Structure formats: structure tokens, C-alpha cells
Amino acid sequence: MSETSKRTIDFMGFRRIAAALSIILVLGSAVSLGTKGLALGLDFTGGSLVELEYAEAPALPEVRSQLASAGYENAMVQNFGSDTAVLVRLPAQFDDTVGDQVVSALSGSADLTLERSEYVGGQVGEELREQGGIALLLAFFVVLIYVAMRFQLKFGLASVVPLVHDVLIVLGVFSIFQLTFDLTVLAALLAVIGYSLNDTIIVSDRIRENFRRILKGGPEEIINTSLNQVLLRTIVTSATTLVVLLSLLVFGGEMIRNFALALFIGVLVGTYSSIYVAANMLVTLNVNRDDLYVPKKEGAEGSQPEEEEPPDWLKRME
Amino acid sequence: MLNKYPLWKNLLVSAVVLLGIIYALPNLFPDDYAVQISGSSASVSVDETLLDRAQEALDEADIDYRDPSMDDGAVMLRFDSSDAQLRARSRLQEALGSEYVSALSLAATTPDWLRSIGATPMNLGLDLRGGVHFLMQVDMEAAVDRRLDVYASEIKRQLREERIRYRGGDAEEGQLEFVFPSESARDDAASLVSSEYDQFRSNTRSDGEDYILELTLNQQSASEIRDYALNQNLTTLRNRVNELGVAEPLIQQQGSDRIVVQLPGVQDTAEAKRVLGSTANLEFRLEARSDASSARTETFPFRNNPNRTAELERDVIITGDNVADANQSFDENGQPQVNITLDGPGGSMMQDVTRDAVGRQLGVLFIEHSSEEVERQVDGETVTERVRETERSIISLATIRSTLGSNFRVTGLENVAEASELALLLRAGALAAPIYFVEERTIGPSLGQQNIESGINSVILGFILVALTMLVIYKAFGLLANIALTVNLTLLVGAMSVLGATLTLPGIAGIVLTVGMAVDANVLIFERIKEELREGLPVQSAINAGFSRAFVSIFDANVTTFLVAGILFAVGTGPVKGFAVTLLIGILTSMFTALMVSRAIVNVTIGGRSDLKALSI
């Protein structure tokens with residue numbers, strides 16, 4: 001209960017700078033996605049992948065030439081996590097027995113074990129790509145509908161735009177650094193949507209409440225007050241989430257590194273966007289008391305003084 | 001005011017938490033790596049001598065094992081590592097011979113009282129325990145074509161019986177086409193077909209002297225054929241996996257025309273694929289008489305000598321589908337052979353045909369369907385097409401000396417391995433439609449072990465970091481949040497165990513994420529309580545207001561996250577689904593613990609104290 005926690009930060013004072021920053025980041029991501037594209041993983045492109053564990057660190061160029069002489073000229077060879085672990089990726093034209101063949105081609109000269117081999121047919125890859133896109137769009141759409149119903153259309157838009165913002169920036173980072181984008185990263189992206197949304201809704205919820213409780217002050221002022229009220233919560237939750245993601249990044253192993261990374265960036269950007277994109281949108285869309293006092297949907301049912309309350313059966317859970 | 005829950009609410013919270021603990025408990029008793037030895041058929045006895053032989057073999061190979069036991073007609077040996085388990089299995093297979101099947105298995109270590117109430121540990125996904133994952137596509141077009149072929153020969157037989165003359169009939173591109181020399185013959189045939197079959201829509205046209213009857217399968221029959229093919233393939237794959245001796249396999253339909261097969265612990269993918277994907281089958285046909293018309297005969301090459309050919313009748317007596325049992329053995333000359341026992345209908349069919357054919361030759365055809373994808377240029381665009389091929393070759397042609405019954409043998413196989421694989425395939429049944437592999441993933445056992453370790457480490461570290469953060473920020477209430485978090489983790493693990501959900505690496509990541517996000521609800525409540533205190537509310541009222549005001553935010557935020565996780569579950573497959581499941585359950589348990597468990601603790605500890613002036617928050 002220290003006095004310092006009462007100090008208010010003028011979030012909305014920076015809103016133009018923040019908007020500019022967001023626009024730059026989103027545009028940068030879009031440009032990179034348009035030019036460099038995503039380094040799609042095996043799940044989406046189809047092809048084969050073999051992970052080998054060598055007893056002693058091998059020279060990669062040698063591995064490449066061994067593979068080339070065995071007929072795999074387009075093999076991509078790289079270290080995976082440590083210098084004894086080697087990842088070999090082959091394009092889709094090879095068939096599903098390639099894993100065993102790679103092992104036998106390489107095992108002549110070195111002591112190695114097969115850790116993992118994957119083969120995904122071209123058609124499956126294409127389907128997964130399609131499904132992934134549909135999942136993302138569906139998520140946006142469902143969120144828009146739910147928030148528009150529970151709150152109001154302006155809040156709905158102010159929830160979806162930050163989500164698109166977050167997703168684009170995470171995709172942008174993956175595109176700029178050409179990190180492998182596979183199924184798990186897609187799952188992370190959807191989790192980011194869930195998280196970022198969580199944040200945005202908490203902020204929106206407070207804004208709505210304050211519009212009803214505090215009668216003086218313009219929209220910008222009320223939004224600022226609301227952001228300050230939930231600030232500590234935003235910081236603590238983001239901190240705990242980022243901390244566990246960090247532990248996942250460090251200890252989770254190579255197989256989910258990109259997954260954890262996508263979540264990490266997503267939570268970071270998602271926290272920022274719930275303050276600066278969502279609230280900013282509300283100011284820009286000119287949210288005011290009239291939007292909340294008599295919600296258009298419930299106008300016909302007469303006045304319900306506290307329509308943000310959940311139904312009765314839910315209240316019993318408290 | 002005072003904060004107090006009615007008795008039933010306290011009891012409810014305690015009961016849920018207690019159940020959570022009980023059902024999460026089995027996860028503290030991880031399964032042992034084990035090898036299970038059973039007889040390859042019911043006649044092989046499993047007794048103490050087998051146990052002794054197995055132990056002897058392991059001692060010789062210097063492989064450590066524990067708790068040898070015998071129950072339900074099988075010997076079970078336990079090992080400390082999956083490496084020892086794998087070595088032991090191949091050693092045992094060698095030492096015990098083909099009479100016994102040594103299967104990789106996991107032996108439960110859960111205490112009996114827990115097992116008796118259905119409490120079992122979570123299933124581990126392949127990425128955590130190693131094994132192979134196959135996704136197979138069922139070739140539905142081929143299934144329909146094959147069925148049409150059967151219809152074609154049936155209809156032709158009926159045309160012959162009714163003495164309706166036809167020039168030819170074939171299955172082509174999903175429909176049947178019969179050619180007749182006259183319009184009246186065609187019309188007779190059309191009315192015959194429409195009275196006998198309701199599967200077809202018919203269409204007539206003429207082409208010069210040819211009067212053509214086209215039969216197209218209607219929607220319903222086509223989809224029945226597809227369903228049948230898929231179900232039949234599932235059954236066959238299950239039988240084949242059983243023959244491979246894999247413990248806890250997963251064989252499941254995915255979508256309308258795909259099948260997932262997961263074989264934990266299997267490392268030899270080549271063998272598994274050969275057995276699962278094989279379309280090998282047999283056909284028995286009589287050799288054609290020298291005066292038979294060429295429309296009734298077909299020429300086939302011999303399998304071991306493609307230059308030699310023989311003419312067989314077009315009519316098939318029986319196929320491998322009529323085989324009830326098959327075993328590999330050796331003939332008098334030490335050559336591999338397969339002993340075949342036919343089922344009832346197959347046996348009588350064989351008897352009927354061979355009774356009148358003593359002295360003629362019986363040909364056994366080995367059939368294999370294959371297909372490959374070919375890229376073709378159509379109007380400047382690359383189109384991938386699947387080209388199917390069926391290879392039939394004669395493996396034996398022998399004179400029928402007397403009427404054949406249900407039992408006989410097939411020779412002419414190249415080696416023992418081929419003979420025993422054919423016996424296996426005949427026992428397990430043929431695939432109703434060819435399948436091909438569209439996805440394959442193999443995880444080595446050491447990588448699985450490593451994934452478990454890194455997963456557990458990140459959960460523990462994440463938990464400690466979050467707990468410390470909460471203690472520093474919220475002091476006594478931080479402790480409360482940490483208790484809630486512990487309960488949350490327990491409930492999450494318990495719920496996943498009860499639901500039989502499969503834990504995967506992304507699933508563990510989902511748990512880690514839940515740990516990070518679960519405190520959110522507590523943070524919201526605590527911040528709200530602090531606010532109410534600042535506004536001058538008395539302590540107990542501030543607690544009450546904090547919990548109920550934060551509820552709305554928590555509810556809205558979680559519903560939307562829940563919806564997104566639901567989409568992930570609906571769309572995702574494999575590991576992604578595993579992640580979605582943990583997220584979904586995690587949202588439910590974290591709401592319950594934050595709202596009810598922590599409230600109950602607050603109510604019981606300080607809720608009754610009206611003298612409370614300040615909170616350690």
C-alpha cells in the first residue's frame with residue numbers, strides 16, 4: 001500500500017509514438033514475410049529429416065560430401081544443439097525410406113546413432129499449411145464475435161487488431177532470422193493469441209468498469225486510469241510467464257526451442273500490445289460512455305444495471 | 001463482515017483436491033521398461049522352464065534385469081533402462097526361437113490399491129518414450145476399382161447363365177462398361193442388372209455396331225465401399241501389429257481416409273513398414289484347358305523365372321481372404337513352405353472345384369499391389385498422379401492328385417523369411433485397399449529419455465521461479481498463491497491421467513505455460529484486494545470485494561483463451577493436440593484453484609477474524 005503505487009503514468013500520452021512503433025514493426029514484418037518468406041519446417045513443406053548423434057563431433061563439409069556421393073546432393077546438413085548432433089534435411093522428392101539410407105550412407109566411417117527421423121509427404125504438408133491458416137483465421141473470428149457480444153463491437157475490434165499485430169510481429173521475427181517455422185511454432189502462435197487476448201480483455205474489462213463508475217473525465221483519461229490500475233497485474237503476470245518460458249528456452253531442449261522462442265516473443269509483444277495497441281484503438285475508435293451505458297444488443301430487454309455480471313450459476317462458483 | 005464458506009463448499013473443495021492428489025499419485029511411479037515373453041500360438045506352453053531359459057540367456061549376455069515374474073501365461077522381465085530393454089529383447093528372441101514372441105512392454109509399478117480405483121499414470125507420447133509413428137493413406141480409388149472388378153465378373157457370370165451375349169465388359173475410371181452386339185441383348189442385360197443390383201445407375205449409348213451399357217456406382221454404395229475398406233484395413237493393421245509383438249500400440253482412423261499407427265519402442269522401421277504396408281495376397285486358380293477360349297484365360301509369368309509362363313483360368317477359386325490359419329514350416333527337401341488352413345466357405349469351395357479337377361494343375365498366384373506418385377504435365381501445370389500396378393506371378397503349379405480340403409500347403413517361396421512373412425500376412429488378413437505411407441516419424445529411445453528430463457527440469461525450474469516471484473511480491477498471500485499453484489499442477493496432472501490424455505513434449509510445454517499463466521487469476525484478485533484496501537474498505541470486506549470483482553475479468557479472459565485452445569484442439573493433430581489438451585485442462589483447473597481453493601484457504605485461516613487490521617499482501 002505504498003504511495004508510489006498511486007503514481008500514474010500517462011500511457012496515452014505516448015500513444016502516437018507507440019502507434020508509429022507498432023506500424024513500423026508490423027510493416028517491417030510484412031515486408032520480410034513478403035520478400036524472404038518463412039523458413040517453413042518439414043511439417044509444412046514435406047520432405048525428410050534425420051537427426052544423428054555422433055560419438056565424436058564430425059566435420060560438416062565431410063558429412064555433406066559423404067551424402068552427395070551417396071546420391072543426396074541437395075541435403076542440408078547442420079548442427080543441432082551440440083556439435084555431435086547433426087541434422088540432415090532432404091527435400092520432398094525422396095521417399096520414406098530415406099532415413100535408413102542416410103544412416104547407412106554415413107555410418108561407414110563414423111560411430112553414430114539415429115536419434116530421430118521424420119518423413120512427411122508433400123500432400124500432407126500442403127494440408128497442414130492450409131489447416132494452420134484456417135485455424136489462425138478462425139481464432140481471430142471467434143474472438144471478434146465473443147468480445148463483440150460480451151462487450152461491444154469497438155472492443156471486439158480493439159481485441160482482434162492487437163492479435164493480428166502480435167502474430168505478424170512473431171512471424172516477422174521468424175522470417176527475418178529465418179527460424180524454422182513448424183507445427184509446434186504454429187501451436188505457440190495460437191497460444192500467443194490466447195495469452196495476448198487474456199491481457200487485452202483484462203484491460204478492456206477495467207476500462208468498461210471505469211466508464212460506468214467514474215463519471216468525470218474524457219475517454220483518454222479514463223483509459224489511462226484503467227491502464228494504471230491493471231499495470232502491476234500486467235507486469236507480474238507477464239513476468240511470471242516470461243520467467244517460465246525462459247526456463248523452457250534454456251532447459252526444454254532443442255526440439256521445442258523455436259516453440260518456446262515464439263511464445264517468449266509473443267508474450268512480450270502481447271503485453272505491449274494490450275496496452276498500446278488495444279487501448280490505443282479504443283481511443284482512436286472514440287469509445288465513450290454511450291457505447292457502454294445502453295448496449296444496443298440488450299436495449300430491447302430493458303435496463304440491466306450490471307450486465308457485465310456473469311450468469312447466476314457462475315456466481316455460485318465464487 | 002466475515003468471510004466464511006458454507007460447510008458443503010469446504011467439503012467440495014477438499015474432495016476435489018483429494019481426488020486430484022489420488023489420481024495424480026500414480027505418476028510418481030513411472031512404468032518399468034519390460035520385455036514380455038509369450039507363446040506364438042496357444043499350443044506353446046509358458047512355464048517355469050521358459051523363465052529359467054530367459055534368465056540364463058540374459059545372464060550370459062550380461063544384461064541386468066529385475067523382478068522376473070510369470071502371470072497370465074506370459075513371462076515378464078524388468079529393466080532399468082530402455083537400452084537394456086532393447087538389448088534384452090533381441091537377445092531373448094535369438095535364444096528362445098520363433099516359438100515365443102518377445103515384446104517390448106512397460107510394466108506398471110503403481111500400487112495395487114491405486115490401480116483398483118482406476119488410477120494410472122499418464123500415457124507418454126512417442127516423443128517422450130521413443131518409437132515410430134506412421135500416417136497411412138488408404139487408396140480409396142483402388143478400393144472402389146477392386147470392388148468394381150468383382151461386380152464385373154459377377155455380372156458376366158450372370159449374363160452367361162442367362163445366355164445374353166456380350167462382347168466385353170470392364171471396370172474403367174469408377175464405372176463398368178459392357179459392350180453388346182445388339183440392342184435387345186443390351187436391354188435384356190440392363191433389366192437383369194437393375195433387378196439384381198440397386199448399387200448402380202445405368203446409362204445406355206451406342207457406338208457404331210456396339211451397344212454399350214454403362215453402370216455407375218451410386219453415392220451411397222461408393223461410400224459404403226470406402227467405409228468398408230477403411231474398417232477392414234483398420235482390423236487388418238491391428239492383427240498385423242499384434243503379430244509384430246508391440247505393447248500398447250495405437251491404431252486409429254484419422255479423417256475419412258487415413259490411419260495413424262504408433263508403435264512405442266519399435267526401432268526397426270523397415271520391418272514394421274514392410275509388414276504393415278504389404279499388400280501381398282494369394283489367389284488359387286486352375287490351369288486353363290488347352291481348348292479354352294482366350295477370353296477365359298490369362299497368362300502369368302513364374303515368380304522365380306519370369307521367362308517361363310503358364311496359362312491359368314480367369315476364374316479365381318479362392319483368395320488369401322479365405323485363409324483361417326497359416327504357418328511356416330519345411331517340406332521333405334528342407335525347402336520353406338506355408339501350411340494353410342482354409343475357413344469353412346473357402347474349404348468347401350476348394351473341395352467343389354478340385355473334385356472335378358483331379359489330374360489338372362492348380363496354380364498359386366502371388367499378388368502384390370504397388371503404386372507410386374508420378375508427376376505429369378497437363379496444360380502446362382504439374383499434376384501429381386498416383387499410378388497403380390498389380391503384379392501377379394505364379395509361385396507354384398502342381399498337379400491335383402486328389403480332392404483338396406481345408407488343409408494344404410504352398411511351396412515355391414524363395415526363402416524362410418519370405419515364407420514366414422507370407423504366413424503372417426495370411427493369418428492377419430489382407431488389406432481391403434492398398435495403403436501408402438504419407439508421414440513417418442521415428443524417435444530414438446535416448447532422445448525420448450532426454451526429452452522427458454528436459455521437460456521435467458523446465459517444469460521444476462519454472463515452478464520455483466514463479467513461486468519465488470510471488471513470495472517476494474505478495475508475501476503471505478504469495479504463499480497462498482503458491483499453494484494454489486501446487487494444487488493446480490496436481491489437479492492438472494490428475495485430470496490428464498484420468499482422461500487418459502497422452503503427454504507429449506509440447507504438452508509439457510503447455511504445463512509450463514499454465515504454471516506461468518495460472519498465477520494470473522491470483523494476481524488479479526490480490527491487486528483488486530489491495531485497491532479496495534486503499535479505498536478504505538475494512539479488511540474482510542476488501543477480501544470479499546477483491547474476489548468477486550476480479551471474477552468477471554478472470555472469467556472473460558479465460559473463456560476467450562479457452563475458445564482459442566479449443567480451436568487448436570479441433571484443428572491440430574499429434575503433438576499440437578497434446579499441447580491444446582494441457583492448455584484446456586490447465587485453464588479449467590487454474591480457474592478452480594484461484595477462485596475456490598485460494599478463497600477457501602483465506603476463509604478458513606483469516607476469514608473468521610474480525611480483529612484483522614492489515615493484510616500481508
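1. Housekeeping: residues count from 1 along each chain as its sequence is written, with chains lettered from A and ligands numbered from 1 in the order in which they are written. As this is a predicted model, local features need pLDDT of at least 70 and side-chain atom pairs count only at pLDDT 80 or more, while totals for chains, interfaces and linings use all residues.

2. Chain A comes out with domain 1 (9-38 + 125-291) and domain 2 (47-120); such bounds come from an automatic or database domain assignment. Their C-alpha centres sit 39 Å apart.

3. For chain B the assignment gives domain 1 (7-26 + 445-605), domain 2 (32-107), domain 3 (140-222) and domain 4 (281-442). Between the C-alpha centres of domains 1 and 4 of chain B there are 60 Å.

4. On to the contact (C-beta atoms, placed from the backbone, within 7 Å): chain A puts in 65 residues and chain B 66. On the chain A side, H8(A) gives the largest share, 14 residues. Helices (H or I, at least four residues) and strands (E, at least two) are DSSP runs, numbered from the N terminus.

5. By class, that side of chain A has 38 nonpolar (Ala, Val, Leu, Ile, Met, Phe, Trp, Tyr, Cys and Pro), 16 polar (the others, Gly among them) and 11 charged residues (Asp, Glu, Lys and Arg).

6. One of the residues involved is A:Tyr119, whose bridge partner in E22(B) is B:Glu440.

Key. Contact = placed C-beta atoms within 7 Å. Pairing = 2+ DSSP bridges.
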